[in-house]
Amino acid sequence: MYSTLSKAPRLVRLLPLLVFLGACATGAIREKQLTLPVIDGATPVGQQVCLECHEGVGAGIHAHLTDFQTMGGTTGCEACHGGGSLHVDADGDKILKFAELRPEESAAVCAKCHSGGKLMDWTHSEHALVDVACTDCHSVHAGGKVALKKQDPELCFDCHQEQMAQSNFPSHHPVKEGKMTCGDCHNPHGDLNTDELARDLCLDCHARHQGPFIFEHAPVEEDCTICHNPHGAVASNLLKQNEPFLCLQCHESHFHVTRLGGSVPANNVAFSAYNPDGSLAGTPVAGSGSPPTGGDTTGSVAQGTFVNPADPPATVQISNTLGEHSWQMAFGTRCTVCHLAVHGSDLPSATSPSVNRTPSPLGGIADPGSGDGQGWPSGGLGLTR
């Protein structure tokens, strides 16, 4: 017992280390380890010595860096390629050649200067983790501040062929139209151009969907890409699938599309549960008496009698003008026909308010200008959205 208790504090102290090792083993912490290459024994000889053989490569932005820009470090060609003394003596060897360096080595050379701002997350980026080198996108000796080999998005599409195809789908962001680029959303040296959730990047442009709303749609609060493919989609509004199939993946209770509909008979209990005076059918009315042998089919109830539920006095014939395929037509169409504000609403179920409509005792919405003048429908269901 004593030995077990004495080991407990030691295990507690090792717990943070175990958690860290577990995170590394599961890939929760991913980082590319950069290795700076060095030419052993090489010393600087100056950029002018390099230009005696390498004419025309000194026109790039790197060749014009001054001492204060490199914070007292080596300037010129040798800032990236290493000391050139052995290279001059060996007639072409003993120099750092970016085409022969591993991605983590060439990135380490660049990171000596380029490690701030959006570049500071390079070691955690997807590009670094899949061995994309800086020179795959950038030309070291080219002019210009960024020195890309191609312009965005053509440069990105060289590798991201699937996204290039999606940008030509009927619904897409205006990338090929030249109104935005991949860099508007993506940081090629890190992740997305946001320090918050991915949805916050979408809301920078689509601010009207931010809310707050009384009734929030859960996927909107979590991630826009649950429903939308930002690179392009065949369905409208960048949806991953057409309606209602996208919505039915979560809202399975709306599978009424498989139900057959039709006219509701007059003796249907669901539509004949009320007497003309508003009381439930089959309940005693004012007065006293005994149940009659037959039901009252005239619509009037005598004092002191009971109403026979099997032959109710207050029945409503509901005619379905859409026939037996009414449910398919209602629930097989786009959900946004009724649920207009799918990103969030101040109304229940994200529906649209009805105008000049009164509640019906049948549980629907009836037009007061039709039927019996009390909100009871005549002909169709009288439902509005």
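Modeller: A polar contact is a pair of N or O atoms within 3.5 Å; within protein, one must be able to donate a hydrogen and the other to accept it, and residues adjacent in sequence count only if both atoms are side-chain atoms. This is a predicted model, in which local features need pLDDT of at least 70 and side-chain atom pairs pLDDT 80 or more, while totals for chains, interfaces and linings use all residues. Numbering runs from 1 along each chain as its sequence is written, and side-chain values use heavy atoms, with hydrogens and water left out.

Biologist: Which backbone oxygen does the side chain of His-81 reach?

Modeller: His-81 lies in helix H3, helices being DSSP runs (H or I) of at least four residues, numbered from the N terminus. Leaving aside residues up to four places away in sequence, His-81 touches Ile-95, Leu-96, Phe-98 and His-141, where contact means heavy atoms within 4.5 Å. At 2.8 Å, the side chain reaches the backbone oxygen of Leu-96.

Biologist: How many residues make up the largest nonpolar core?

Modeller: Such a core is a set of buried Ala, Val, Leu, Ile, Met, Phe, Trp, Tyr and Cys residues joined through side-chain atoms within 4.5 Å; buried means under 20% relative accessible area with a 1.4 Å probe, protein chains only. The members include Leu-96, Phe-98 and Val-109. The total is seven.

Biologist: What helix is included in the cover of the buried residues of H5?

Modeller: Helix H5 spans residues 103-111, and Val-109 is one of its buried residues. Among the contacts of Val-109 beyond four places in sequence are Cys-80 and Phe-98. The cover of the buried residues of H5 includes helix H3 (78-81).

Notes. Buried < 20%, exposed > 50% of the residue type's maximum accessible area, 1.4 Å probe, protein only. Helix = DSSP H or I, 4+ residues; strand = E, 2+ residues; numbered from the N terminus.
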